[in-house]
Structure formats: structure tokens, C-alpha cells
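Biologist: I would like to learn how to read the contacts and domains of a model. Please take the features in turn.

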Amino acid sequence: MTPHLVVIGTGYAGLLAALRAARIARGRVAVTLVGASDQLVERVRLHEQAATGRSVAHPIAALIAGTEVRFVHARALEVAPGRLVTDAGVLEFDRAIVCTGGSVDLDLVPGAREHAYAIDGDRMSRLFSEARRVAARGGRLAVCGGGLTGVEIATELAEALPGLRVKLVAASEIVPGLSRKAREHARAVLGRLGVAVREGVRVTAVAADHLDSAAGPIGFDLCAWAAGFRAVPLLAGLGLPMAADGRVIVDAYLHARPDLLVAGDAAACAAAGGGWLGAGCKTAMPMAAHAADTAVAELTGGTVHEFRYADPGYCVSLGRRDGIVQFMDGAGPRERIVKGAWRRGSRSRCAATRCWR
Ligand SMILES: Cc1cc2nc3c(=O)[nH]c(=O)nc-3n(C[C@H](O)[C@H](O)[C@H](O)COP(=O)(O)OP(=O)(O)OC[C@H]3O[C@@H](n4cnc5c(N)ncnc54)[C@H](O)[C@@H]3O)c2cc1C
């Protein structure tokens, strides 16, 4: 019998894991990709969708065409040992890789779920049309969250819709994982685009037309929520060890259970310096590739290796004409950054800066 690998989730991690497993298994393992969505949503470009209304999703059917990956369009409901229960039936498996990801945390403060737009796939086109309507009458957009997502959304919308009065509210300083130089450049670009930045202001609740905060009420006509992180709770309740943000704690091989690997934003993987690797594409994709290698090796009698990760740094877009590439070393962000715009033909810019074009 050909062993069966089931990969759950059609984000960057799930798609990569399924494609890689099918390629390296060369028919020795049957690979099924299960997704609640039949699209890959390019989440790292959602802020572009918010500013243009253009979809950043791609059909899974086209992305797996010509491979041996079988796609099942279904929502996973329960992962029992060797058995996946979905809303379209039950799949038996020998190994599963769970890549169900997560999103910003709308339950972080009261009212966010009711009154704010989460920076997430299905709401970005609505945010775009609302932002245009608000901009047309010179209204106010409050962006809550000073991490990369909040800064990217604030700069993108401020640049695309100059009539919009954008406020960025951050509980600590903005882009906390980046270097002082990077932070200064982000502040300079936000200032140039007319974004009012409130750092060190913790939002305590969201009402229909204002934020409650320790610094008093902050009015808005439209609110975008880019704060906190929560993993999809598919594996909650199975008795597996979990991190505080709902990610499942995995071992050095990315196993949560002998039959179950977890990769991407769904996984809490120990970082070399302590704590967990941050949720992000740059961690999700190497984890997914490693989980695919591990699953195929285990199912075909190959050798498995521990997962090792070296942080490649950050690429941050600040609208269409500016950005930051932050270089890292083992201890954290270096004061070495590339900033500004990539110009065609320029030799002075690192090729990585192209990713914000
Ligand atoms: C605006 C924005 C900008 C970002 N920029 C960057 C960046 O510059 N660099 C970076 O490294 N990271 C960035 N990120 C983070 C990055 O997008 C995520 O880390 C990445 O998407 C994680 O990939 P994933 O496959 O683990 O999860 P996701 O992309 O969240 O995919 C999860 C998949 O699982 C599916 N799913 C969920 N539940 C179920 C279920 N029960 N059954 C079946 N399917 C299910 C979902 O439909 C989805 O297809 C950004 C995020 C945002 C929102």
C-alpha cells in the first residue's frame, strides 16, 4: 500500500509542503492537500490589495496542475490519530502536516471584532472600498498595531489615498523587532506620507467611532486591526502542548505527535536564542519544506534531521516607493539596512529590495 500524507492548509506553508513532498516522494507517497479555501492568498501582499482592490489570490488548481498532489476542498474539523475529519468526509492518513496558520487577534480587546477590519484575506477588498469612501470626504483611518503589518497598511493606504487622514496607534514603539536605523526610516516615511503616529499608546477597546486608550479616546471613521496574533484552533483540545498564542509546540523535527507534523504560523518552534520563532512567511516556508522532507523520509525509510533556522532578515514595504531591508545576525537586527526605492538598473541596491515592488 502506498502511504498517505495529508497536508492541511493552502497558505504558503501548506502548498509548499504538498508540492515538495510530491516531488521528492516520486510516487512512493500519495499526497493530498486539504484546504478550506481553494485559493492561495498571498498574505504578504494583502496591504497592496487594501490599497488597490486587486486580488492577491491564486487558484490552487493552477498551482498544483501537472503535479501528483490531489486537492480536496474541505474544512478540517478534527485531527484524530491517523484520521482527518472534514466537512466533506473522513481521510485516513499515515502522516499529516498541519499548516492552518493564524491571523491578527480580533479578540485582543473588546469591540475589535465588531468595529474593526482585520488585515485578512476576505476583508481586504471591503477595506479598500470603505477607505476610498472615507478618503473622499477627508475622513480618518485608525490603524491599530505598530508591527510590520500595521506599518505596511498605514503607509500603503496613506500613499494610495492622499485624502485619508491616517493614524497609526502602537502599544510600544513601531516595528519593535527592527534596528534603530530601520525604525527611524519608517518614522520618516510615515511622517512624509502624513501618517500621525502614536507610539506607546495601548488600545483598551474599540467602539463604533473611536478607540479607548490609556491616553484618552482616539476618533476614527474607519478602523483597521493589525495587532496581536492567534493561531487557528484546529489542534486545540487534543491535549498537545500549546504556546500562549495558540500555536502548537513542536519538537526539533517539527512533530507535535508521532503521526503529526506542524509547520508555518500554526507551529511554535523553539528559537536558538530562547522563546519561539516568530510567525512569518520567512519561518513558515523553511518549516514547511523541512516537514515535507521529514514526512517523506519517515514514510519511505529515509533519514530525518533536526530543523535549523537562520533568520534572513526582514523586507518591509513602505508604500510603493520606499522600503527597508533589515539584515540580521545571530543576536538580532544589525544596524545595517538598505532603504529607499529599488531603481531598475541600479547596482547599488540589494536584489532583495525588489520584493516590495
Ligand atoms: C499584511 C501582511 C503582511 C505580511 N508580510 C510579511 C512579510 O513581509 N514577511 C513575512 O515573513 N511574513 C509576512 N506576513 C506573515 C505571513 O503572511 C504569514 O506568516 C504566512 O502567511 C504564514 O503562512 P501559513 O501557510 O503558515 O499560514 P496562512 O498563510 O495563514 O495559511 C493558512 C491556510 O490554512 C487554511 N485553513 C485554516 N484553517 C483551516 C481548516 N480548519 N481546514 C482547512 N484549511 C484551513 C487557510 O484557509 C489558509 O489557506 C504578513 C502578513 C500579513 C497579514
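**Ligand, domains and links**

Modeller: Start at the ligand: a backbone N or O atom of Asp265 lies 2.9 Å from one of the ligand's oxygen atoms. A polar contact is a pair of N or O atoms within 3.5 Å; within protein, one must be able to donate a hydrogen and the other to accept it, and residues adjacent in sequence count only if both atoms are side-chain atoms. This is a predicted model, in which local features need pLDDT of at least 70 and side-chain atom pairs count only at pLDDT 80 or more, while totals for chains, interfaces and linings use all residues. Residues are numbered from 1 along each chain as its sequence is written, and side-chain values use heavy atoms, without hydrogens or water.

Biologist: How many residues surround the ligand, and which are the closest?

Modeller: Near means a heavy atom within 4 Å. By that rule 30 residues surround the ligand, with Ala13, Ala76, Asp265, Gly280 and Cys281 the closest. A backbone N or O atom of Gly11 is 3.3 Å from a ligand oxygen atom, and for Arg43 a polar side-chain atom lies 3.4 Å from a ligand oxygen atom.

Biologist: How is the chain divided into domains?

Modeller: Domain bounds come from an automatic or database assignment. Here domain 1 covers 4–103 + 229–300, and domain 2 covers 112–228. Their C-alpha centres are 30 Å apart. Counting contact as heavy atoms within 4.5 Å, domain 1 contributes 12 residues and domain 2 contributes 14.

Biologist: What area is buried between domain 1 and domain 2?

Modeller: Buried area is the accessible area (1.4 Å probe) that two parts lose on being put together, summed over both. Between domain 1 and domain 2 the figure is about 1,100 Å², with 62% from carbon and sulfur atoms. Of the area that domain 1 buries against domain 2, His47, Ala50 and Ala51 supply 47%, more than any other three residues.

Biologist: How many salt bridges and polar contacts cross the interface of domain 1 and domain 2?

Modeller: A salt bridge needs a side-chain nitrogen of Lys or Arg within 4 Å of a carboxyl oxygen of Asp or Glu. Across the interface of domain 1 and domain 2 there are zero salt bridges and one residue pair in polar contact, both at pLDDT 80 or more.

Biologist: And how many salt bridges does the structure hold?

Modeller: The structure holds 22. One of them joins Arg20 to Asp293, with the closest N and O atoms 2.7 Å apart. Helices are DSSP runs of H or I, at least four residues, numbered from the N terminus. Arg20 sits in helix H1 (residues 12–25) and Asp293 in helix H8 (residues 281–300), so numbered, 273 residues apart.

Definitions and conventions. Helix = DSSP H or I, 4+ residues; strand = E, 2+ residues; numbered from the N terminus.
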